[in-house]
Structures are given as structure tokens and as C-alpha cells.
Amino acid sequence: MSRHCDLCATPPGILLLRAKEWNYHTHRYMVLFITFLAYACYHASRKPTGIVKSVLCPEHEDPKDGWIPFNGYDGPSKLGEIDVAFLACYSIGMYVAGHLGDTLDLRLFLASGMIGSGIFVGLFGMGYFWNVHCFWFYLSMQMIAGMFQATGWPSVVAVIGNWFGKRKRGLIMGVWNAHTSVGNICGSLIAASVLDYGWGWSFVAPGALIVFGGVIVFLFLAPYPEDVGFSSSSSSSSSSSSVHVADDKEALVHITGDGALRHASVNRKGIGLVEACMIPGVIPFALCLFFAKLVAYTFLYWLPFYLTHTEIGGKYMSVKSAGNLSALFDVGGIVGGILAGYISDKLNARAITAASFMYAAIPSMLLYQHYGSVSINANIGLMMVTGLLVNGPYALITTAVSADLGTHSSLRGDSRALATVTAIIDGTGSVGAAVGPLLTGFLSTRGWTEVFMMLVVGAFIAGLLLSRLIIAEIGERSSGTQNPEATASQPLLE
């Protein structure tokens with residue numbers, strides 16, 4: 001299968017908009033913006049369940065004010081099961097989506113996933129308008145939505161990896177990864193703002209947003225530089241007939257013998273899951289992310305619920321206020337992602353940076369548990385610091401580390417593994433993301449102290465799992481030689 005014309009790969013929106021050829025850097029800015037928007041939409045559509053938990057399962061009001069089947073004594077457990085159903089399907093789907101992302105047209109794959117996600121997120125909310133009280137309806141909607149959501153992360157990381165080289169990758173991806181927190185903030189604010197009109201709108205509105213984002217992706221995203229006439233940013237050589245355009249290190253147009261542009265959206269040689277797992281550093285970082293996401297997603301799904309069920313400054317918060325306040329956790333997360341990326345670039349040490357953040361998160365979470373209820377200001381300050389330390393390593397591993405490993409020097413020839421490696425790491429992390437909220441649903445009925453102890457243990461194990469890579473990085477810095485297993489922990493090429 002091959003392309004016969006350069007228009008086949010060029011997104012229709014770009015063809016429609018440009019009056020003259022865009023240069024390479026314009027395309028890169030467009031790719032950054034669209035992938036940022038796309039994954040912000042993904043995360044915005046995940047926030048409604050966290051916002052509406054206290055509406056579906058009220059504690060300090062008459063349980064009859066809740067929503068069957070979540071307003072009984074086992075309501076928190078059922079809400080936990082809803083979360084784990086979504087995240088389990090998301091995790092399983094991630095492994096499949098990663099392999100498909102390395103072989104299919106990423107633009108169509110990502111756009112289809114976004115539109116499918118929006119439809120099933122919206123259908124969950126339609127249960128309110130249709131007066132549905134069947135637990136299995138909500139469970140199945142979340143499971144299908146989780147499968148569609150799995151298309152997002154491997155695809156956007158692969159696209160960014162295709163367009164951007166390794167120089168300052170940690171900082172660039174740290175800034176770019178703010179989409180996670182921006183999406184969480186927007187999702188919280190949107191879901192909370194329409195909550196007074198009925199909890200169903202808290203799902204329908206974010207669902208419509210991600211469908212709109214999917215249309216934007218279809219119209220304007222160019223997954224590979226070759227799709228718009230440039231070579232891959234990671235290309236190290238070109239044919240004798242290559243024509244230099246703009247920056248000779250980054251923007252080359254490859255002309256084949258018959259004058260046709262060589263494209264990358266098809267005929268990409270993917271690798272298998274087993275082969276990808278053999279890349280040095282993949283397994284340790286994947287296991288670390290299991291526990292890092294266990295901690296991060298527990299906050300993502302249960303922080304608003306915790307705020308409404310905890311006396312802060314002598315008062316309990318409304319559901320809407322708790323939803324708005326929980327957004328500040330992600331404000332700290334934005335700073336944490338950027339800071340972790342910057343530090344890891346400066347130190348050339350991804351593992352040391354990630355582990356340091358995870359260890360520092362332990363006292364931060366304990367302080368938040370014990371002193372966050374003193375006053376609203378104390379809660380805000382400790383929440384933002386905790387968000388910074390929890391989301392920093394999570395952002396670093398899922399972006400810069402995954403992209404480094406997906407372009408590892410052990411990969412030969414044209415074989416690319418960006419989406420596959422990203423899927424292995426984030427898929428494993430998503431299993432932890434499913435376990436955390438599920439355990440919280442059960443542990444919260446016995447008190448929040450046990451929940452925080454689970455988070456502390458998770459953060460400690462996450463840091464501990466990187467010990468071997470940390471030793472390798474320290475040894476490399478001391479001897480001035482590069483250890484193969486530390487390769488993932490630093491930019492590979494300029």
C-alpha cells in the first residue's frame with residue numbers, strides 16, 4: 001500500500017486554510033496546539049464522575065436526594081466500581097491502541113477515538129434525562145468510554161515524538177503536558193458550572209467538547225512531517241536527492257526517484273509488545289508509573305468527594321465549591337510537570353528527578369491530611385504543593401521518558417515504537433490508576449486515614465522501583481560514561 005499523491009496525507013483543514021506553503025516551524029506550532037487541545041479534551045471528559053459523586057451519593061443529606069443505584073450504603077463502593085471499570089478498559093485498550101497507533105493513520109485513529117469517547121461520556125449523562133437507574137447501564141457506558149479513551153495518549157505522544165527531536169525534550173514536554181491539568185481544570189469547572197441544571201449536563205457538556213476536539217484533529221492534525229512535505233525530526237540521514245528546507249537539521253523534503261513525496265502515515269514498521277518491553281528502562285518506568293498513577297488518579301477521581309465530606313475550617317463545602325476548589329490541585333500539577341521536565345533536562349537524569357518528586361510527595365500528602373482541614377487557605381496551599389509533587393513525575397514518565405524510550409538507540413532502521421512503548425508504560429500505569437480509585441471506594445467507608453496511608457505506600461514504592469536506574473544514572477555521572485539502562489533518563493540526541 002502506498003500513496004500516489006501528496007494530498008492524500010495532508011489534513012483537509014490545512015489544505016483549506018493555507019494560501020501559501022507553511023514553513024516547518026508553523027506546522028510544529030500547529031501540532032503542539034492541536035495535540036494539547038486534544039488531550040485536554042480527553043482529561044476534561046474524565047472529570048465529571050469525580051464532580052458528581054457527592055450528588056449521586058450524598059452523605060450529610062437525606063440519601064433519598066441521591067440517585068439510585070448510588071445512594072445506598074454501598075454507594076461509594078459502586079462509584080469505585082464505576083471508576084475501575086473505566087480505567088480497567090482504558091488500561092487494556094491502551095496496549096491494543098499503542099500497537100495500532102504505530103501502524104494506522106494517527107490522525108484518523110485519534111479523531112475516531114475522541115468522537116467515540118464523547119458519545120459514550122454523553123450517554124452516561126443521558127441516564128439522568130432518561131431516568132435510568134440500572135447500575136449496569138452506567139457501568140457499560142464507562143467501560144466503552146474507557147476503550148475509546150485509550151486511543152488518546154499513545155497517539156499524541158507519538159505525534160509529538162515524530163515532530164520534535166530530543167534536545168530539551170523534558171522541558172518541552174513538561175510544558176506541553178500541562179494539557180492534563182488544563183483539561184482537568186476545564187472539566188471540573190464545566191461540570192460544576194452546569195451541575196445546578198441536573199448532573200446529566202455535567203457529562204453531556206464535556207462529551208460535546210471532546211467531539212468538537214475530534215473534528216479539529218481530523219481537519220488539522222498532521223501526524224508526521226512527511227505528511228506535509230518534510231522529513232521526520234528524528235531522521236539522521238537523507239537520500240542523495242534530498243532537498244534542504246529551512247533548518248537542515250530538522251526540515252528536509254525527501255524526493256523519490258519518480259518525484260513523489262515519501263510519506264509516513266502508511267508503511268510504518270511497528271514492533272511487538274515483547275520487543276518493546278526489552279528496551280532498557282521500559283519495565284522499571286512502567287512499574288513506577290503503576291504506583292504514580294495510583295496516587296494521581298485517586299486524587300483525580302476522589303478529591304472533590306473528599307472535600308465535601310471533610311470539615312474544613314469548621315464548615316462542609318457544597319458540591320460545586322468542592323469541584324471548583326479541586327481544580328487547584330491541577331494548577332499545582334501544571335507547575336510540577338514543567339519543573340520536573342526542566343530539572344531532568346538540566347541533570348540529564350529522568351529517574352533521579354521522578355523518584356525525588358515521589359519521595360517528597362509523601363510528607364506533603366501527610367501534611368495535607370492532618371492540616372488541610374485547619375482552614376481553607378491551608379487546604380489550598382497544601383493541595384497545590386501536593387499536586388505539584390504528585391503530578392510532576394507522572395507527567396515526566398508519560399511524556400519525555402516514553403518518547404526517549406520510543407526512539408531508543410536499540411531500535412534499528414525505520415522501526416519506530418513511540419506509540420507502542422507509550423502504551424506499555426501508560427497502560428501499566430493505568431492499571432494502577434484503576435486500582436487506586438477502586439480501593440478508595442472501599443477504604444473511604446472506614447475512614448480517610450487508610451486512604452492516605454495507601455497513597456503514602458504507593459508513592460514510596462514508585463520511588464523504590466527506580467532505584468536501579470538511579471544507581472545507573474549516578475554511576476554514569478560519576479564515571480562520565482553512558483550506562484545503557486540510563487539511556488532512558490537523558491536526551492539521546494541533539
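The model is predicted, with local features requiring pLDDT of at least 70 and side-chain atom pairs pLDDT 80 or more, while totals for chains, interfaces and linings use all residues. Residues are numbered from 1 along each chain as its sequence is written, and side-chain values use heavy atoms, without hydrogens and water.

D330 lies in helix α13 (residues 319-347), helices being DSSP runs of H or I of at least four residues, numbered from the N terminus. Leaving aside residues up to four places away in sequence, D330 touches S181, N184, I185 and N391, where contact means heavy atoms within 4.5 Å.

D330 also belongs to the lining of the largest cavity, and is listed with N184, A296, L300 and F329 as nearest its centre. A cavity is a set of points on a 1 Å grid over the protein atoms alone where a 1.4 Å probe fits but cannot get out, and lining residues have an atom within 4 Å of a point. The volume of this cavity is about 100 Å³, taken as the space filled by probe spheres set on the points, which are joined across faces, edges and corners. Helix α12 (282-308) contributes the largest share of its lining, 5 residues.

The second largest cavity has a volume of about 80 Å³. Here too α12 gives the most to the lining, with 5 residues.

Key: Helix = DSSP H or I, 4+ residues; strand = E, 2+ residues; numbered from the N terminus. 1 Å grid on protein atoms, 1.4 Å probe; cavity = no way out; pocket = protein on both sides within 12 Å on 5 of 7 lines; lining within 4 Å.
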